Amino acid sequence: MKLNLDKQESEFLNESIKHWEKEHLIDGELAEKLRKSYEVKGFDWMRLAKYSFWIALFCGAIAVGSVVIDDRVINWLKSLYYTPDIIISVASGIIAAISFLLGSRWGKRYPEKVFSNEAIIFTGILFTAACIAFLGKAIDDRSAHFSLLFLLSVFVYGALAYRLDSRVIWLFALVSLGSWFGTETGYQTRWSFYFLGLNYPLRFVFFSIILVSVCFILKNKKWFSFFWDLTYVVGLLYLFVSLWLLSIFGNYGSIDRWWRIRQISFFYWGIISAVVAGIFLLVGLKTKDAIAREFGITFLLIYIYTQYFEYFWNHTNKTLFFSILGISFWLIGRKAERIWNFSNKTNLRENA
């Protein structure tokens, strides 16, 4: 099986083989064998298929919206207003079950049709959400404790994801888990700004730490291995987005209070966020943890440039402001390019 490379990678490898051959590090026969071991990638049909299916779903939603505008459809929907919530819940559940059944069967029969199968599964996910939402309306006791619906979603999506081996459904289970945590802490405090003295971003820092910790505890469990990477990514996303919001708003729950506070007061939150990102970057490099490394470098840059905009936007000439910004990105690009080239050369030496 030949190695698929893009045009730039192929040109770099050709030059390397040519150099090795010229320096007599390899003979002509081995050089020719290496050249035949890879090929230039063609058009990325998988990416086109993925985006096409997402666009199709989006167009379908627009089409449904356009139909709804029609007067006859509006009158029909008005008649549905009096349909009992439990009926709508059951109907949505049936449609969801059919979608999951079709998605599972077609996934086994046509495993190569990855994105079309996921589109069917996604339809089931949406109708499952509708089923749970209308079930909540049907049994509503006016307590406004709707966080229990998110908790129910966690177990439903989790069970479906495990049964169907679907990462897409597992993603919605994780999103539902975060939604349950946010709404439950809000409900317990009667929707005040703080829970145990924590605003929402700070709450989710602790939530994400628990999620990532559980993820590592279950890392070697065979039943969890299929979902481990996705859980790790979502946990780190919760963590770094929460830290980013803390670097902007601090531990303030009210926009009115935050607006009256000088931004310099939140400087230490920015330092904490940058330090955490730096730690993940270093740990990722040391342990070859690509997920930690990518999150670390990405959010370290986000934190740095967020602080740059906050503290210098109103006090710096715009020409100078964007000149500094452009030069910094150019320097980062040069450094990244050198690291990339060095990494490619190292891999080539190891594989030669």
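This report describes the fold, the packing and some local features of one protein chain.

The model is predicted, so local features are given only at pLDDT of at least 70 and side-chain atom pairs only at pLDDT 80 or more, while totals for chains, interfaces and linings use all residues. Residues are numbered from 1 along each chain as its sequence is written, and side-chain values use heavy atoms, with hydrogens and water left out.

**Overall make-up**

The chain has 14 helices and two strands. Helices (H or I, at least four residues) and strands (E, at least two) are DSSP runs, numbered from the N terminus. Of its 352 residues, 31% count as buried. Buried stands for under 20% relative accessible area, exposed for over 50%, and partly exposed for what lies in between, with a 1.4 Å probe and protein chains only. Among contacts with a separation of 6 or more, 62% join residues 24 or more positions apart; a contact is a case of heavy atoms within 4.5 Å.

**Nonpolar cores**

A nonpolar core is a set of buried Ala, Val, Leu, Ile, Met, Phe, Trp, Tyr and Cys residues joined through side-chain atoms within 4.5 Å. The largest one has 42 residues, and those with the most contacts inside it are Ile-125, Ile-169, Trp-170, Phe-224, Tyr-232, Leu-236 and Phe-240. At least two residues of this core come from each of helix H5 (85–109), helix H6 (114–138), H7, H8, helix H9 (200–217), helix H10 (225–249), H12 and H13. The most is given by H10, with eleven residues. Another core, of six residues, lies apart from it and includes Leu-13, Trp-20, Ala-31 and Tyr-38.

Not counting residues up to four places away in sequence, Phe-224 touches Trp-170, Cys-215, Leu-218 and Thr-231. Phe-224 also belongs to an aromatic cluster with Trp-170, Trp-223, Phe-226 and Phe-227.

**Helix H8**

H8 has 22 residues and spans 31 Å from its first C-alpha to its last, close to the 32 Å expected at 1.5 Å a residue. The expected span is 1.5 Å times one less than the number of residues. At the start of H8, a side-chain oxygen of Ser-166 comes to within 3.4 Å of the backbone nitrogen of Val-168. This is a polar contact, that is, a pair of N or O atoms within 3.5 Å; within protein, one must be able to donate a hydrogen and the other to accept it, and residues adjacent in sequence count only if both atoms are side-chain atoms. Thr-183 is found in H8 and is buried, at 13% relative accessibility. Leaving aside neighbours within four places in sequence, Thr-183 is in contact with Phe-146, Ser-147, Phe-150 and Trp-191. After H8 comes Arg-190, whose phi is positive, near 55°.

**Aromatic pairs and charges over rings**

Rings of Phe, Tyr and Trp (its six-membered ring) pair if their centres lie within 6.5 Å; planes under 30 degrees apart count as stacked, over 60 as edge-to-face and the rest as tilted. The count comes to 18 aromatic pairs. One of them, Phe-181 with Phe-204, is edge-to-face, at 5.2 Å centre to centre and 80° between the planes. This pair links distant parts of the chain, with Phe-181 in helix H8 and Phe-204 in helix H9, 23 residues apart. Phe-181 is buried, with a relative accessible area of 17%, and Phe-204 is buried at 15%.

A charge sits over a ring if NZ of Lys or CZ of Arg is within 6 Å of the ring centre and within 35 degrees of the ring normal. The table lists two such cases.

| Charged residue | Ring | Distance to ring centre |
|---|---|---|
| Arg-167 | Phe-226 | 3.9 Å |
| Arg-203 | Tyr-200 | 3.8 Å |

**A glycine between helices**

Gly-103 lies in helix H5 and is buried, at 6% relative accessibility. The C-alpha atoms of Gly-103 and Ile-120 are 5.5 Å apart, although 17 residues separate the two along the chain. Neighbours within four places aside, Gly-103 is in contact with Ile-120 and Ile-121.

**Positive phi in loops**

Asp-165 is not a glycine but has a positive phi of about 55°. Asp-165 sits in the loop between helix H7 (147–164) and helix H8 (167–188), and is exposed, with a relative accessible area of 51%. Lys-288, also not a glycine, has a positive phi of about 60°. The loop that holds Lys-288 runs between helix H12 (267–287) and helix H13 (290–312), and Lys-288 is exposed, with a relative accessible area of 74%.
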